[in-house]
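Good morning, and thank you for making time for this presentation.

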Amino acid sequence: MVKKEILTILKTSEKWGWVLEPDAKRIFSLEGLDVPKFSVAKVPGDVSRIGNEIGYPVVAKIVSPEVLHKSDSHGVEVGVTGDKDLKKVFDRFRKMEGFAGMLVEEMIPGTELIIGAKHDYQFGPMILLGFGGTGVEIYKDVSLRMAPLDENDVNSMIQGLKAKKLLEGYRGTKPINMKALKESLITFSGLVMKLKDYVESIDLNPVMCTPERCVIADARIILKTEK
Amino acid sequence: MNLQPLFKPKTMAVIGVSTTNERHPANVIYSKNHHRYPVETFAVNPRGGALKGDPIFPAISDIPEQIELAVIAARADYVPDILKNCIESGVKAAIVVSGGFSEVGRWDLRDRMVAMAREAAFPFVGPNCLGIYVPGYVDSFFLPAERMVKPDEGNVAFISQSGGILVDQMIKFADEGVGLSKAVSIGNKAFVKELDLLNFLARDRETKVIAFYVEGFGKDEGREFVLAAEKCPKPVIVLKSGKSSGGQRAVSSHTASMAGDYQSFSAALAQHDGVIEALNELELVSFCESMSSYQTSINGNIGIVTGSGGHGALAVDACSAQGLSVPELGEVTKKEIEAHLSASVKAIASIRNPADLTGSAIDDDFVWTVRALCTMPEIECVIALLLPYLPGITMDLGSRLSNVSRQAGKPLIAYVPHVDKYRMLIEGFELNGIPVSPSIEGAVLMATALRRSKPW
């Protein structure tokens with residue numbers, strides 16, 4: 001069963017064809033997936049309160065139904081350290097097309113992975129795991145499976161990554177929390193199965209993996225145009 | 001839905017035979033089945049008449065016998081009515097050879113046929129296909145008998161979306177000694193699809209290996225197919241074409257861009273045990289041949305015996321590329337092999353893995369070494385690279401090595417160059433159920449097939 005609030009969000013987002021980041025994160029947190037602490041500033045008066053609530057340094061991102069690819073449109077500022085800078089970012093974002101707010105969230109340094117989903121015509125929902133960030137399509141170090149995933153699938157997906165050693169602790173770095181990653185993948189694949197009639201594709205990119213957590217730092221849900 | 005009448009009909013009607021054109025597909029199909037196969041075959045054309053002294057019946061219902069299978073090779077416009085007639089006359093199944101349906105935009109004709117077939121649970125193959133070939137039973141291919149190359153009767157079933165690829169693979173199967181249980185060209189697969197045939201062949205006693213050539217599945221049909229294939233108690237091999245297409249569409253997410261049609265196809269197959277993707281025709285034939293001989297699964301430890309160092313080295317490279325290992329032999333084993341080699345070979349052979357017996361080796365040296373490798377628990381499969389032009393090798397070696405492998409119960413795979421003058425050596429293996437490849441790479445792929453199969 002899809003939760004009522006999730007259905008409401010999907011319904012509201014239909015007109016844009018995709019789900020705004022704060023709404024997408026709400027969906028994932030409703031399903032028990034880990035997302036950063038975040039809040040949306042809509043008017044200048046919100047900015048410093050929210051900045052301090054979240055705790056500097058923060059990440060600031062444009063919220064606009066017109067801006068699907070935020071990085072490409074200069075709609076992301078990473079490592080904003082204080083009220084003054086955050087206000088400047090807000091003023092810049094406010095001039096962008098379709099401005100509906102500024103998402104402010106905690107910064108979580110870690111290994112950047114991508115977890116994705118795609119509705120394949122022949123095989124239905126597919127899940128992708130790979131090394132993420134902006135270079136994701138350059139390295140293309142990814143594993144792909146049919147959803148839903150079981151533990152074997154998840155293990156073999158991780159084993160199938162060429163750079164998997166980077167996750168296991170490499171040259172002095174601590175290993176990431178594998179259990180959190182595996183659980184996130186299984187939970188995500190379950191959600192994808194539930195939403196298969198609504199969703200065309202999902203990018204969780206990056207998912208920040210640390211020795212403690214596996215956090216969805218950015219999320220994009222593209223909806224099906226016809227069911 | 002019962003598919004059996006498609007493959008083992010007692011009676012068959014060929015609809016659309018011509019009184020004026022001997023080369024008409026229906027005439028070719030009628031005459032070869034009428035003359036060469038046990039199925040009792042009748043010709044049908046609304047105009048009636050006679051064909052070389054045999055009657056042409058105006059309709060299915062005029063035939064004195066109850067017809068089990070109808071082969072329809074009439075103009076597309078007439079086919080839905082013919083199909084209706086078949087169903088009403090108690091025919092059990094049909095093959096629609098004719099083209100001119102969805103491939104030229106006539107979805108209306110197709111939809112009518114599918115609706116009728118669904119309601120009556122009446123299986124029909126096609127349209128736009130060659131249909132079905134079952135060695136010794138029935139052959140709906142509109143190819144003159146003298147033009148076809150037919151593999152021996154065997155245990156591999158091959159299902160193809162393309163008739164041309166099917167006929168071509170049959171030539172290759174015949175060349176490589178791969179036996180066929182059933183061949184089906186499904187064409188537009190309007191009604192009977194891959195999944196139906198998979199489910200039928202999974203229970204077919206004559207089939208041990210099920211191979212497919214797929215261009216694409218319908219909506220969600222790929223998912224149903226791999227889930228059924230994983231449950232199937234026989235290996236399912238799939239060759240896919242169109243690997244590079246589909247990348248042109250604009251996609252708005254990284255995932256959609258990296259999980260293209262083929263990537264998803266390949267990943268879904270790899271995820272499900274017992275479904276094996278063949279990347280090309282060599283893999284397809286090698287996998288079919290190997291799995292047709294051995295329904296067994298190995299971890300991938302290979303013993304290699306060769307008459308030339310170069311062959312051994314190429315085989316090791318190919319094994320390594322396929323993720324197979326070629327483990328070192330223990331000292332005791334090495335000494336034991338050496339002790340029994342002929343005197344002239346003992347001095348120059350290199351007994352390790354691969355065991356290079358050199359160009360001076362005679363049959364006995366090969367037999368002894370293969371026997372020793374077969375008894376080693378750490379070796380799961382033996383590849384014998386045989387060079388029949390070496391003076392010490394005789395044509396008897398095939399059957400001798402086959403016996404060694406069967407006694408030890410360990411899979412043996414041979415490489416022998418495939419030319420006529422070495423035919424007896426090759427048959428010595430093949431007639432004993434030992435697969436033989438014409439290339440080193442192919443022999444290694446045969447071993448790979450065993451590593452990739454699940455324990456059956």
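**The contact between the chains**

In this predicted model, 21 residues of chain B are in contact with 26 residues of chain A. On the chain B side, the elements that give two or more residues are helix 7 (221-231), helix 8 (254-258) and helix 9. Which of them gives the most to the side of chain B that touches chain A? It is helix 9 of chain B, with 6 residues. By class, the residues on this side of chain B divide into 7 nonpolar, 10 polar and 4 charged.

A word on confidence is in order here. The predictor assigns the complex an ipTM of 0.90 and a pTM of 0.93. For chain B, the mean pLDDT is 95, and 98% of the residues in this chain reach 70 or more.

The buried residues are B:Asp261, B:Gln263, B:Ser264, B:Phe265, B:Ala267, B:Ala268, B:Leu269 and B:Gln271.

**The sheets of chain B**

Strands 13 and 14, just named, bring us to a sheet. In chain B, 7 strands form an open sheet in the order 9-8-11-10-12-13-14, and the pairing is mixed. Strand 9 (138-139) and strand 14 of chain B stand at the edges, each with a single partner strand, so one side of each is left without a neighbour in the sheet.

Both senses of pairing can be illustrated. Strand 13 and strand 14 of chain B pair in the parallel sense over 4 bridges, and B:Val236 stands opposite B:Val275 in strand 14. Strand 8 (residues 131-134) and strand 11 (residues 180-185) of chain B, by contrast, pair in the antiparallel sense over 3 bridges. There, B:Gly131 stands opposite B:Ser185 in strand 11 of chain B.

Are the faces of strand 14 of chain B covered or uncovered? Both faces are covered: B:Val275 and B:Glu277 on one side, and B:Ile276 and B:Ala278 on the other, are all buried.

A further open sheet in chain B has 5 strands in the order 16-15-17-18-19, with parallel pairing. Its edges are strand 16 (355-356) and strand 19 (436-437) of chain B; each has a single partner strand, so one side of each lacks a neighbour in the sheet. Within this sheet, strand 15 (residues 302-306) and strand 17 (residues 381-385) of chain B pair in the parallel sense over 5 bridges. B:Thr306 stands opposite B:Leu385 in strand 17 of chain B.

Chain B is divided into domain 1 (1-128), domain 2 (149-293) and domain 3 (297-452). The centres of domain 1 and domain 3 of chain B, taken over C-alpha atoms, are separated by 51 Å.

One residue deserves mention in passing. B:Arg75 lies in the loop between strand 5 (69-72) and helix 3 (79-88) of chain B. With 11 other C-beta atoms within 10 Å, B:Arg75 is exposed.

I close with chain A. Its domain assignment gives domain 1 (4-34 + 109-223) and domain 2 (38-106), with C-alpha centres 24 Å apart. Their contact takes 7 residues from domain 1 and 8 residues from domain 2 of chain A. On the domain 1 side, helix 2 (residues 21-30) of chain A gives the most, with 3 residues. That side has 4 nonpolar, 1 polar and 2 charged residues.

Technical notes
Residues numbered from 1 in each chain as written. Chains lettered and ligands numbered in written order. Predicted model: local features only at pLDDT ≥ 70, side-chain atom pairs only at ≥ 80, totals over all residues. Domains from an automatic or database assignment. Contact = placed C-beta atoms within 7 Å. Nonpolar A, V, L, I, M, F, W, Y, C, P; charged D, E, K, R; others polar. Buried ≥ 20, exposed ≤ 12 C-beta atoms within 10 Å, placed from the backbone. Pairing = 2+ DSSP bridges. pLDDT = per-residue confidence, 0-100.
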